[in-house]
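Please read this briefing alongside the sequence and the model shown below.

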Amino acid sequence: MVTFETGKSFHIEDLIKIMELLRSPEGCPWDRVQTHQSIRQNMLEEAYEAADAIDHMDMDNLKEELGDVLLQVVFHASIAQEAGQFTFGDVVDGVCQKLVYRHPHVFGAVEAGGPEGALSAWDAQKRAEKGQKTAADALDSVARALPGLTRAAKLQSKAAKAGFDWKDISPAMDKLSEELEEFRHAVEEDSNAEEELGDLLFAAVKAGRFAGVDGETALQKACEKFIRRFRRVEALADGPLDALDVPALEELWRRAKQET
């Protein structure tokens, strides 16, 4: 058993110490054997759960989920410290250094002039910091672990900032129709369907950006709508769905769509 004095409230130093104890020989057998790779998914899941709390404006849950995200940060920092790579203090120092450097309009002499100017200053400092000499370098820096639709939107946004974009939505809509036909043809020919579907989704994100719609958010809402309507279909069905033919299922879906 480890020795740890509990109090009425804890601080960040306590969290770091608790993690050290959990990772110690006398600590938790599970925590001890974890690696960056084994808890990678945990970081993603906790971030998404925090985002879900934000979407629902659930502040009590958000407080808890932010704690879970912080735990993952401390967990990874503890693993790195044991390997002699960096400490939690290094993480804090790094992000503070970054914030000061990327806000020359606050900590320097640059004039932002508004939110857009501030964002431009941030982007310029980031490119200099990362050694991104070309727009392609900026695109290549977008995390590949992002959800596909989110990554597509970020890539398109960076390309647009470099001047590579249409002026209005019309060509984007034409491109969307073109990619739909190419996907249809690929399915019919049983060739390159995956590639063409990717092109279709990328074009859909582009059209959505011009319409002021975030593709990832739109798809998430479509998923929720599908769940509601599917639940209604089950309620309307007289027996198991797999016992019904397609026309019967389509009729149930039509009714569910009208009611939800």
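The model is a predicted one. Helix α10 (residues 169-189) packs with α11 at an angle of about 160 degrees, and the axes of helix α3 (residues 40-55) and helix α4 (residues 59-82) likewise cross at roughly 160 degrees. The structure holds 0 disulfides.

**The pair α3 and α4**

- The axes of α3 and α4 come within 8 Å of each other, and since an angle over 145 degrees counts as roughly antiparallel, the two helices are therefore described as roughly antiparallel to each other.
- The crossing of α3 and α4 is left-handed.
- On the side of α3, the residues that meet α4 are Asn42, Met43, Glu46, Ala47, Glu49, Ala50, Ala53 and Ile54, while α4 contributes Asn61, Leu62, Glu65, Asp68, Val69, Gln72, Val73 and His76.
- Sorted by class, the residues in this contact of α3 with α4 comprise 8 nonpolar, 4 polar and 4 charged.

**The pair α10 and α11**

- The axes of α10 and α11 lie 8 Å apart, with an angle of about 160 degrees between the helices, which means that α10 is roughly antiparallel to α11.
- The crossing in which α10 passes α11 is left-handed.
- From α10, the contact draws on Ile169, Ala172, Met173, Lys175, Leu176, Glu179, Leu180, Glu182, Phe183, Ala186 and Val187, and from α11 it draws on Ala193, Glu196, Leu197, Asp199, Leu200, Ala203, Ala204, Lys206, Ala207 and Phe210.
- The contact of α10 with α11 has 15 nonpolar and 6 charged residues, with no polar residues.

- Glu179 is found in helix α10, and because its relative accessible area is 5%, below the 20% limit, Glu179 is buried.
- Leaving aside neighbours within four places in sequence, Glu179 is in contact with Glu196, Asp199, Leu200 and Ala203.
- Ala203 has its place in helix α11 (residues 193-210), and because its relative accessibility is 7%, Ala203 also counts as buried.
- When residues up to four places away in sequence are not counted, Ala203 touches Lys175, Leu176 and Glu179.
- Ala203 and Leu180 are separated by 23 residues in sequence, and their C-alpha atoms are 9.2 Å apart in space.

**The loop between α10 and α11**

- Most residues other than glycine have a negative phi.
- Asp190, which lies in the loop between α10 and α11, has a positive phi of about 55 degrees although it is not a glycine.
- Asp190 counts as exposed because its relative accessibility is 73%.
- Asn192 is found in the loop between α10 and α11 as well, and Asn192 has a positive phi of about 60 degrees, although it is not a glycine either.

**Cysteines**

- A disulfide is a covalent bond between the sulfur atoms of two cysteines, and the structure holds 0 of them.
- Cys96 has a relative accessibility of 41% and therefore counts as partly exposed.
- Cys223, with a relative accessibility of 35%, counts as partly exposed too.

Notes:
Residues numbered from 1 in each chain as written. Predicted model: local features only at pLDDT ≥ 70, side-chain atom pairs only at ≥ 80, totals over all residues. Heavy atoms only, no water. Axes fitted to C-alpha atoms, helices over the stretch in contact; angles between N-to-C directions. Helix = DSSP H or I, 4+ residues; strand = E, 2+ residues; numbered from the N terminus. Parallel < 35°, antiparallel > 145°, perpendicular 65-115°, else oblique. Left-handed = near helix turned anticlockwise from the far one by under 90°. Contact = heavy atoms within 4.5 Å. Nonpolar A, V, L, I, M, F, W, Y, C, P; charged D, E, K, R; others polar. Disulfide = S-S within 2.5 Å. Buried < 20%, exposed > 50% of the residue type's maximum accessible area, 1.4 Å probe, protein only.
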